Amino acid sequence: MKITVIANDGTIINGVLSIYKYKEYSMILARGIDTTDKCDTTVYIGKNTESVMNYVRNLIINADYLGRDNVLINLYDFDNKN
């Protein structure tokens with residue numbers, strides 16, 4: 001499954017391999033296959049990291065259940081949408 005994430009600042013990360021929560025700084029990070037500097041990209045910073053992770057988890061589980069090949073996870077302006 002190919003995962004693409006639009007970060008809360010509008011950055012697009014293609015070919016995401018993993019998405020995880022960094023507890024110390026209240027942020028969500030993503031590691032993509034097109035990351036040139038071998039670093040993870042911050043896709044969300046804020047107080048609602050649990051809500052973001054639940055949203056991401058639900059999108060991936062639903063896409064897998066429906067047999068989708070591609071998933072777009074849009075976190076752009078997440079706090080104002082939810």
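**Ground rules**

I am working with a predicted model, where local features need pLDDT of at least 70, side-chain atom pairs count only at pLDDT 80 or more, and totals for chains, interfaces and linings use all residues. Residues are numbered from 1 along each chain as its sequence is written, and side-chain values use heavy atoms, with hydrogens and water left out. Helices (H or I, at least four residues) and strands (E, at least two) are DSSP runs, numbered from the N terminus.

**Entry 1: the aromatic rings**

I found three aromatic pairs in the structure. Rings of Phe, Tyr and Trp (its six-membered ring) pair if their centres lie within 6.5 Å; planes under 30 degrees apart are stacked, over 60 edge-to-face, and the rest tilted. I looked at Y22 and Y25: their ring centres are 5.3 Å apart and their planes stand at 20 degrees, so this pair is stacked. Y22 is partly exposed at 33% relative accessibility, while Y25 is exposed at 53%.

Then I went back to F78. Its ring and that of Y55 have centres 5.5 Å apart and planes at 55 degrees, so I noted the pair as tilted. Y55 lies in helix α1 and F78 in helix α2 (residues 78–81), so the pair ties together parts that are 23 residues apart in sequence. Y55 counts as partly exposed, at 30% relative accessibility.

**Entry 2: helix α1**

I followed α1 from end to end: its 17 residues reach 24 Å from the first C-alpha to the last, close to the 24 Å expected at 1.5 Å a residue. The expected span is 1.5 Å times one less than the number of residues. Which residues of α1 are buried? I listed T49, V52, M53, V56 and A63. They cover an arc of only 105 degrees around the axis, which puts them on the same side of α1. The arc is that of the directions from the helix axis to the C-beta atoms.

I also checked T49, which lies in α1 (residues 49–65). T49 is buried, with 10% relative accessibility. Beyond its neighbours within four places in sequence, T49 is in contact with K21, S26, M27, I28 and Y44. Contact here means heavy atoms within 4.5 Å. After α1 comes G67, whose phi is positive, near 75 degrees.

**Entry 3: the paired strands**

I traced β3 (residues 16–22) and β4 (residues 27–32), which pair in the antiparallel sense over six bridges. Two strands pair if DSSP finds at least two bridges between them. I19 has A30 in β4 as its bridge partner, and Y20 stands opposite L29 in β4. The two strands, β3 and β4, form a hairpin with four residues between them, and S26 in the turn has a positive phi of about 50 degrees.

On the other pairing, β4 and β5 are antiparallel over four bridges. M27 has I45 in β5 as its bridge partner. Five of the six residues of β4 are buried, so I wrote that β4 is largely enclosed by the rest of the structure.

**Entry 4: the nonpolar core**

Which residues touch the most other members of the largest nonpolar core? Of its 18 residues, they are V5, I19, V43, I73 and L75. Such a core is a set of buried Ala, Val, Leu, Ile, Met, Phe, Trp, Tyr and Cys residues joined through side-chain atoms within 4.5 Å. The elements giving two or more residues to this core are β1, β3, β4, β5 (41–45), α1 and β6 (70–74). The largest share, four residues, comes from α1.

I picked out I73 and, not counting residues up to four places away in sequence, found that I73 touches I3, T4, V5, I6, I19, Y55, V56, L59 and I60.

**Entry 5: T4 and I12**

T4 lies in strand β1 (residues 2–6) and is buried at 14% relative accessibility. I found I12 in strand β2 (residues 12–13); I12 is exposed, with a relative accessible area of 52%. Leaving out residues up to four places away in sequence, I12 touches T4, V5 and I6.

Key
Buried < 20%, exposed > 50% of the residue type's maximum accessible area, 1.4 Å probe, protein only.
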